[in-house]
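Grab a pencil and work through these exercises with the model open beside you. Try each task before you read its solution.

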Amino acid sequence: MVNIENFILDMFIYVGIFGVLSISLNLEYGFTGLWNFGKVAFYMIGAYTSAIITTLGQPFYIGFAAGVVVSSLAGLLISLPALRLREDYLGILTLVFGEIIRIILKNEYWLGGPLGIRGIPSITPAGLDYTTTLLVQLASITVIAAVCYLVAYRLIHSPFGRVIRGIREDELATASLGKNTFRYKASIFAISSAMAGIAGAFMGQYVTSITPDQFMPFVSFTVWMMVMLGGFANIEGAFLGAFLYIGFERAARIAKDYLLLPIDPNNLMFILTGLLILIFVFLRPQGLLKENKVRDYKGV
Amino acid sequence: MSLNIAQILFNSLLTGSLYVLAAIGLTLTYGILKFPNVAHAEFITFGAYFAYTVADIWKLGFPSGAAAAFVVTGILGVATHLFLFGPLIKKGASILHLTVASIGYGIVLRYAMQEVWGRKDLYFSAYYPGFDVGPLRVTLLWLSFIFLAVAVVAIFHLLLTETKIGRAMRATSNNPSLAQASGIDTKMIIMLVWFLGSALAGLGGVMKASDTRITPVLGWNVLIMSFASVIFGGVGSIYGTILAGYILGFVENLGVIVLVALGLSTEYRFLLGFFVLVCALIFAPQGIAGITFRSIRKRWRAVG
């Protein structure tokens, strides 16, 4: 019998991880209009960098920092050629980039190969009972998520935020106001890749073993699903979307133990996810919540 | 290791034929409807599975399996447009939403196929022994597929240049609203494009599977190279895509030899596709389709 408290704690830890990923995608697509179908690449880079460094014996904060830096650099690197492209080309390029990183990790044995990296040191001290461990983990991801939220909040309510929304609406017009749109887009890519990196680094130490097959393109698509559920260009919606999607997934996981289905529950889960995407595209393409308003400065 | 140049060229032709079949539909829908249809990968897989059912479960033989896959995958493509993308476009969905919808639809299709045909690898029972032609090792299957792909290219060329429907297709691909204004039934043309594009993708799936095995990720593995062909060739350009498909086939076969020589995993051949994609996007985002239809004809006339 699974302990229901632990089950819920674990669920909220994942809501935190995916909430961070959703914020990062929302900064890219929701606010700036950049297509990124390869979010998983930066999540993966963060997870692997941190895992490699911490298994070599370094403390977790160095691993996390390295994950953030390497992920952010990777984001910046891919953005340099990619950001000059049309939006849909950028989408394809990032999608393929994620697959490439996965293939490299799968084939390089010094990076773990197909079996990945096992025995990643956890941030929680050994000897705690399971529920306390989960509570500590939840507290840590809450701190990480809160920091990411605050960064995103400050960004979108600043002049910077107005420029990136301007880029989304009309890049040419924004450029004509003397804004270096390329630099803004590259910064957004670097910042949001850094967020994806820390989410990956946290995930790695939480599950303590990572394999390349955990980072299929489907992960990027679930993040899109969450952003679409919560609402584009809404950073609170990012967490709402993550909560709804993961809740749906967990509920389905419980339900399948009690239901006798004529269909493989794993397949059904994926099919339902796909259908959910289609339903949202048809009925509520803008998501549940509206875009965060630009703050009114009249009173200031 | 001695290099058998003739064999490399022959294999390139074979791989290139696969990419051409897989990419023609992708480039046409991308060109006309302006969104990258990620679910195209699943059409490729579907073709392979359907051919397997006809050929090996209903025991009707491999050729009828391939023919049935062609027709049924085409119908699947038309149904996709009728029930999914058509209504979405009518509702005024943005390109992003169409792309996201194609991702969701692809997931539904892939796992529905996994449910029907299982997760295990399947193999066609038809076996084609190899024989030698000069320095070449070939099988009847490979030869017929190359013949088929070349025939498809030739038929497409004739269709596009010599028939009214072909001209209407080109017009629609070039400028849908202008085509409509000049009395072309663009809806019918788009339907035809979905049918032909998906049918060819299904055939490409049969081709890939008959040489290897059928898995749920069959189409996904071809998709990256197909996108590379489409963008390298120039979105919407059939000739560019054909040329790019064969160039990529050559690059991949050459690349595998280099990888083996360097002692690296041959899975890295995807990196080559990625590399070509990145180079194409940076240096020639219009693709090799600067070479448009008219310029080819002009050059042809100048030669002749």
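**Exercise 1. Find out which residues Glu99(A), Arg102(A), Lys106(A) and Asp213(A) are linked by, and look at one pair among them.**

Step 1. Glu99(A), Arg102(A), Lys106(A) and Asp213(A) are linked in a network of salt bridges. A salt bridge here is a side-chain nitrogen of Lys or Arg within 4 Å of a carboxyl oxygen of Asp or Glu. Side chains of opposite charge can pair when their charged atoms come close.

Step 2. Now take Asp213(A) and Lys106(A): their closest N and O atoms are 3.7 Å apart. Asp213(A) sits in the loop between helix H8 (181-207) and helix H9 (217-230) of chain A, while Lys106(A) is in helix H4 (residues 87-107) of chain A, so this pair ties together parts 107 residues apart in sequence. Helices are DSSP runs (H or I, at least four residues), numbered from the N terminus.

Step 3. The cut-offs: buried is under 20% relative accessible area, exposed is over 50%, and partly exposed is in between (1.4 Å probe, protein chains only).

A word on the ground rules: this is a predicted model, where local features need pLDDT of at least 70, side-chain atom pairs count only at pLDDT 80 or more, and totals for chains, interfaces and linings use all residues. Residues are numbered from 1 along each chain as its sequence is written, chains are lettered from A and ligands numbered from 1 in the order in which they are written, and side-chain values use heavy atoms, with hydrogens and water left out.

**Exercise 2. Asp10(A) and Arg250(A) meet in a salt bridge. Work out where each one lies, and whether they are buried or exposed.**

Step 1. The N to O distance for Asp10(A) and Arg250(A) is 2.7 Å.

Step 2. Asp10(A) belongs to helix H1 of chain A and Arg250(A) to helix H10 of chain A, so to speak two distant parts of the chain, 240 residues apart.

Step 3. Compare with Glu291(A) and Arg168(A), whose side chains form a salt bridge at 3.1 Å, N to O. Glu291(A) is in the segment after helix H11 (265-283) of chain A and Arg168(A) is in helix H6 (residues 159-169) of chain A, 123 residues apart. Glu291(A) is partly exposed at 32% relative accessibility, and Arg168(A) is partly exposed at 24%.

Step 4. Over all chains, a search of the whole structure finds 12 salt bridges.

**Exercise 3. Describe the surroundings of Glu28(A).**

Step 1. Glu28(A) lies in helix H1 of chain A. At 0% relative accessibility, Glu28(A) counts as buried.

Step 2. The side chains of Glu28(A) and Ser192(A) are joined by a polar contact of 2.5 Å. A polar contact is a pair of N or O atoms within 3.5 Å; within protein, one must be able to donate a hydrogen and the other to accept it, and residues adjacent in sequence count only if both atoms are side-chain atoms.

Step 3. Leaving aside neighbours within four places in sequence, Glu28(A) is in contact (heavy atoms within 4.5 Å) with several residues, including Lys39(A), Asn36(A) and Phe189(A).

**Exercise 4. How many residues does each chain bring to the contact between chain B and chain A, and how much area is buried?**

Step 1. Chain B gives 41 residues and chain A gives 41 residues.

Step 2. The buried area is about 3700 Å², with carbon and sulfur atoms giving 77%. Buried area means the accessible area (1.4 Å probe) that two parts lose on being put together, summed over both.

Step 3. Zero salt bridges turn up across this interface, but eight residue pairs are in polar contact (both at pLDDT 80 or more).

Step 4. On the side of chain B that touches chain A, helix H3 (62-90), helix H4 (95-117), helix H9 (218-233) and helix H11 (269-283) of chain B each give two or more residues. H4(B) has the largest share, 15 residues.
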